[in-house]
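This report goes through the packing of one protein model.

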Amino acid sequence: MEDGYLLKLLLQIQLASDISAAQNLPFVLNSLTTQSFFPSPHLAKWTTRVNSLLHSKEACARWAGLCIAHKTSVCSRSIMIEFGRSWLGVALPLLSKNEQTPVIKAAIRLARIIFTSLTDMSEFQRQVSNPNVPKFIASLIQTAQNTPELEVKLECIWTLHRLVPVYPAAHRASHSALSKLALIHLNGNTSGTSQRSLVEACSALYCVLHFTGGKVGASGLWRNSFDETLNFGWSSFLALRTTFPSSDFHNSREQNSHEDPSISVPLNLERLRCSIVILCDFLKAITHRHVQLPLGSIVQFASALLTANAEAQVDGFVDPIVRSMEMTAIPSITKYGSQLLHAITFSARSHLRPHAARLLTIISQCLEGKPTLALLVVLFGALDSLLKFSPSAGSPLILNRVTTAVISFISARLLSSQSSLSDSSNEITSGKSKKSKKRARNYEGDEVFSVMKEVICPTEDEGKALLAALTVLHHLLQNEDLPPAILSICSRTVLSLNLSFPQIAPTLLSPDSGLFPQVHTKLRSLAITIACGTSGVLSKSLPLVLETITNDSYEEVQAQNCNFPLYSKLTPLQRMFDLILHPRVPPLLRSMPTVEALSLYISEESQEEKRIRETLGLEAPQHTLEDAMRDDENPRVPTLLIPSLGQSVPTPENPPVASATQHDSAVAVRSKITPIATPIKQPGLDDTGHKTPLSQNIYPQQSSTQQLPGTTLVPLSNDDSENDDEDEMPTINMASDSEEDL
């Protein structure tokens with residue numbers, strides 16, 4: 001195709017008339033690319049047609065011309081330099097006219113792309129940008145103040161937010177007008193329902209106004225605006241705590257005693273939300289020079305928001321209406337405090353270490369108080385940033401509380417849901433009436449059509465909270481101050497989840513199909529972290545984790561048809577194997593095994609681990625506990641399938657198949673019976689070399705003993721040796737044939 005052939009077709013067909021240009025505008029914009037504007041004889045005709053559309057009397061044609069001019073400026077820099085001045089001469093006067101909303105928005109976008117794309121050309125800046133930017137700013141401020149359309153108002157505010165850092169000197173004279181435009185929408189309203197998009201746009205504009213002070217005065221303007229916003233947030237918060245005891249609340253209580261609570265409480269709550277949005281934007285703002293962040297003040301404000309509760313009350317008479325309305329505002333106050341804390345931890349990072357222990361204590365209290373899902377997502381995000389940049393913060397007691405709250409949330413979603421699904425299926429099969437004459441028939445695959453199964457994470461917030469909790473748990477397991485008991489419980493729980501999670505159908509986890517692989521990936525990374533153990537000893541669950549991880553990863557790689565080599569997909573596994581094969585330090589000499597070696601059996605857990613497990617609700621069936629306690633006295637042996645009459649006798653080529661429950665197979669590995677030739681046993685394999693399932697310490701399942709057709713179960717007993725001793729010794733015939741042969 002020759003250069004400019006596409007422009008020729010568009011000019012002849014789609015842009016033949018003004019009406020057709022507006023009708024075919026989406027197709028024209030999607031067809032234009034950078035290659036369309038290579039030098040050709042049709043470029044002059046194209047620019048002439050665009051100018052004719054801009055000066056058309058039809059509003060739809062002017063809108064089409066502005067959009068095509070914007071697309072042309074994006075694709076061709078040379079055309080924008082040549083025709084940018086003439087296009088600005090058409091776009092800027094449209095802002096002061098009574099035009100329709102699409103035309104005004106298109107004119108603002110065209111002017112913005114021209115002013116912000118050619119900042120590296122000093123001659124264009126001197127001749128075009130510097131004379132027209134102040135006019136454009138004044139038109140935007142006037143349009144944003146006078147227009148009732150929300151879309152036009154947002155377009156003007158976001159355009160000013162883009163222009164202030166690029167042309168700070170041009171906005172210096174309009175600093176007061178810009179501040180007034182931003183703060184008028186950040187002061188809340190009596191209805192308490194400010195539009196979120198408008199608040200975010202005004203907050204973004206207010207947080208870049210410090211650029212008007214230049215490189216020297218920008219830091220001072222930023223600090224003054226930050227302190228004013230912080231004081232505004234304190235005043236709004238104190239106005240919501242007039243019925244709660246504190247020495248700092250008396251002035252606020254006297255001031256608001258005559259106000260209507262139905263107006264003042266929503267208004268102050270909305271002001272508090274606006275102040276939190278502004279503070280979060282200030283913490284993410286860019287400055288020319290370093291600024292001193294008032295970390296102590298902002299942390300104190302966030303702590304006050306997070307610790308707000310309804311436990312106490314001031315002395316004297318309290319209006320019950322005011323009291324009830326202020327109590328209803330406490331969940332929103334806690335949510336705003338967690339959002340501010342998340343922004344602080346992301347911005348301050350390692351500078352937050354002196355306050356990390358206090359913040360961890362506050363977050364643990366919030367997690368133990370049954371927060372909402374939206375609040376949990378923000379709290380887990382703050383925990384993630386805090387533990388990531390302050391890993392050694394907090395005492396073991398605080399880490400124990402935080403880890404207990406996180407692991408209880410995860411186990412309540414994943415482990416409890418699986419047990420409830422199995423219980424519901426049992427109820428369906430056993431819920432038939434005994435008086436029924438027909439025998440109940442259970443068909444294979446009935447659980448797929450069961451209506452009693454519930455989705456584990458039905459909403460988006462639950463999925464986000466689960467992913468955030470797994471991320472926080474990964475940071476907690478890497479903390480060296482975590483107590484050994486809670487570390488053992490977490491290891492056993494993660495190992496159980498890693499083995500049982502693939503059995504869950506993705507549709508039962510969440511309606512979002514992308515959540516299942518994300519959760520599965522995080523569980524794998526947790527299992528790898530635990531299975532690798534420490535530099536001195538490997539975990540007892542390492543063979544199981546290695547087997548599941550390598551098999552699943554190999555299947556995923558084979559399922560993907562891509563041109564990348566295999567090693568690019570297995571890079572995390574290679575790093576794990578390298579860590580195992582090349583330890584960082586020599587192994588330590590220990591007289592007793594570490595926690596990593598005691599992670600599979602309930603009988604080996606300590607009293608503290610048992611107490612923590614019962615507190616978290618991770619209970620095992622009573623028969624499993626009793627069997628585990630009898631292992632030391634009477635070790636159990638898996639039953640063998642002995643063929644009945646008419647079947648072949650087991651041979652080394654056709655060995656008997658061991659059939660045992662999941663717990664018995666794990667206990668059989670630790671059996672005290674010593675055969676004549678004791679083979680070396682590997683974890684996860686039985687005597688015949690077959691894989692044995694894991695002992696169900698955390699998530700037990702009832703498994704029925706499988707029996708082949710035509711076989712009888714004959715349990716092996718340890719009493720055979722005693723019966724042999726009680727039998728009479730057989731007599732020896734001294735006059736045997738052997739003597740006669742001699």
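Helix α19 (residues 373–389) has 17 residues and spans 25 Å from its first C-alpha to its last, close to the 24 Å expected at 1.5 Å a residue. Helices here (H or I, at least four residues) are DSSP runs, as are strands (E, at least two), and they are numbered from the N terminus. The expected span of a helix is 1.5 Å times one less than its number of residues. The model is predicted: local features need pLDDT of at least 70 and side-chain atom pairs count only at pLDDT 80 or more, while totals for chains, interfaces and linings use all residues. Residues are numbered from 1 along each chain as its sequence is written, and side-chain values use heavy atoms, with hydrogens and water left out.

Of the 17 residues of α19, 13 are buried, so the helix is largely enclosed by the rest of the structure. Buried means under 20% relative accessible area, exposed means over 50%, and partly exposed is in between (1.4 Å probe, protein chains only). Helix α5 (residues 59–75) also has 17 residues, and its end-to-end C-alpha distance is 25 Å, close to the expected 24 Å. Its buried residues are A61, R62, A64, G65, L66, C67, I68, A69, T72, S73 and C75. The elements covering them include α2 (18–23), α3, α4 (43–54), α6 (77–94) and α7 (101–117).

## S31 in helix α3

S31 is located in helix α3 (residues 25–31). Its relative accessibility is 18%, so S31 counts as buried. The side chain of S31 reaches the backbone oxygen of F27 at 2.7 Å. Leaving aside residues up to four places away in sequence, S31 touches L6 and S36, where contact means heavy atoms within 4.5 Å.

## Nonpolar core

A nonpolar core is a set of buried Ala, Val, Leu, Ile, Met, Phe, Trp, Tyr and Cys residues joined through side-chain atoms within 4.5 Å. The largest one has 166 residues, and W46, L340, I344 and F380 have the most contacts inside it. Helix α14 (residues 261–283) gives the most to this core, with 11 residues.

Which residues does F380 touch, not counting residues up to four places away in sequence? They are L367, V406, F409, A465, A468, A469 and V472.

## Aromatic pairs

Rings of Phe, Tyr and Trp (its six-membered ring) pair if their centres lie within 6.5 Å; planes under 30 degrees apart count as stacked, over 60 as edge-to-face and the rest as tilted. By this rule there are 11 aromatic pairs. The rings of F83 and W87 have centres 6.0 Å apart and planes at 20 degrees, so this pair is stacked. Both residues lie in helix α6, 4 residues apart, about one turn of the helix. F83 is buried at 17% relative accessibility, and W87 is buried at 1%.

The rings of W234 and F237 have centres 6.1 Å apart and planes at 70 degrees, so that pair is edge-to-face. W234 and F237 are 3 residues apart in helix α12 (residues 214–239), about one helical turn. W234 is partly exposed at 23% relative accessibility, whereas F237 is buried at 3%. Ring pairs also link Y206, W222, F226 and F282 into a cluster.

## Charges over F244

A charge sits over a ring if NZ of Lys or CZ of Arg is within 6 Å of the ring centre and within 35 degrees of the ring normal. R241 lies over the face of F244 at 3.7 Å from the ring centre, and R323 lies over the face of F244 at 4.4 Å.

Methods
Polar contact = N/O pair within 3.5 Å; in protein donor to acceptor, adjacent residues only side chain to side chain.
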